[in-house]
Amino acid sequence: MLNVSNLNRIKTQMKDQTLIAVTKYVGDQEVKDLINEGILDLGENRADVFLEKYLRFKDVSIRWHFIGHLQSNKVKKVINLIDYLHSLDRMSLVDAIEKYRNEPLKCLIEVNISQESSKHGMNPENVIEFYQKVKKYDKINVIGLMGMASDTEDRNQIRQQFEILCKLRDQIREIDDIDLKLSMGMSNDYLIAIEMNATYLRLGSILFKEDN
Ligand SMILES: *Cc1c(COP(=O)(O)O)cnc(C)c1O
């Protein structure tokens, strides 16, 4: 069930952010409820589940954000149906997109800011070089950087991890005079992400949990 009071509170807490509602935990009813509330930026992290939802809501002008690890062998199936890819993290994925995508795709480079080996994303040290390389590809339009902070209550640790994205954004601004968007902030840490001027918040569980 959509938690409308949490949604409304988050709307008042946001400054300049765009809320991406992550629908991976929920079904059609919640998607309908989000649409009724005017939330049209939706995020999914698995190709098969995304495809099902895409087909069921294809008559609605949803902006679909693919936020999860995208296997190269799934690219062909989904790549022309999404509006944003938040998980660009390797050259083999770049090549697959270049091959199958019909028009430039808005991409965010996923950075492993928590430095946990279980998480996807590029090592921060490799991001600038990767950015320089992929910007030459026709179908890749790098518009931002994405990161997931550690699942912790330590707010300073989360801040330091988000700061890695801010620094990379600043470095790329020096090189190219473009302002990359930042996709950071989940249910546990979105207030910190707002403080640090995130562009996109990716919120799942907080939108659907029962009041407590
Ligand atoms: C699931 C997921 C989210 C949302 O997480 P919540 O903690 O439920 O808000 C955000 N980003 C990514 C990449 C996810 O996989």
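Strand 5 (105–111) and strand 6 (140–147) pair in the parallel sense over 7 bridges. Two strands count as paired if DSSP finds at least two bridges between them. Glu-110 has Met-146 in strand 6 as its bridge partner. Buried means under 20% relative accessible area, with a 1.4 Å probe and protein chains only. Strands (E, at least two residues) and helices (H or I, at least four) are DSSP runs, numbered from the N terminus.

The model is predicted: local features need pLDDT of at least 70, side-chain atom pairs count only at pLDDT 80 or more, and totals for chains, interfaces and linings use all residues. Residues are numbered from 1 along each chain as its sequence is written, and side-chain values use heavy atoms, with hydrogens and water left out.

Helix 6 spans residues 127–134. Its buried residues are Val-127, Ile-128, Phe-130, Tyr-131 and Val-134. They cover an arc of only 165° around the axis, which puts them on the same side of helix 6. The arc is taken from the directions from the helix axis to the C-beta atoms. These buried residues pack against strand 4 (84–88), helix 5 (91–100), strand 5, strand 6 and helix 7 (155–176). Contact here means heavy atoms within 4.5 Å.

Helix 1 covers residues 4–13, and its residues Asn-6, Leu-7 and Ile-10 are buried. Seen down the axis, they fall within an arc of 100°, so they line one face of helix 1. Their cover includes strand 1 (18–22), helix 8 (190–195), strand 8 (200–203) and helix 9 (205–208).

On a 1 Å grid over the protein atoms alone, a cavity is a set of points where a 1.4 Å probe fits but cannot get out; a pocket is an open set with protein on both sides within 12 Å along at least five of seven lines; lining residues have an atom within 4 Å of a point. The structure holds 1 cavity of 30 Å³ or more. The largest cavity has a volume of about 40 Å³. Its lining includes Glu-110, Lys-119, His-120, Gly-147 and Met-148. By class, this lining has 3 nonpolar, 4 polar and 2 charged residues.

The largest pocket holds about 500 Å³ of space. It is lined by 24 residues, and Lys-24, Lys-119, Met-148, Met-186 and Arg-202 lie nearest its centre.

Notes: Buried means under 20% relative accessible area, exposed over 50%, partly exposed in between (1.4 Å probe, protein chains only). Grid points are joined across faces, edges and corners, and a volume is the space filled by probe spheres set on the points. Ala, Val, Leu, Ile, Met, Phe, Trp, Tyr, Cys and Pro count as nonpolar, Asp, Glu, Lys and Arg as charged, and the others, Gly among them, as polar.
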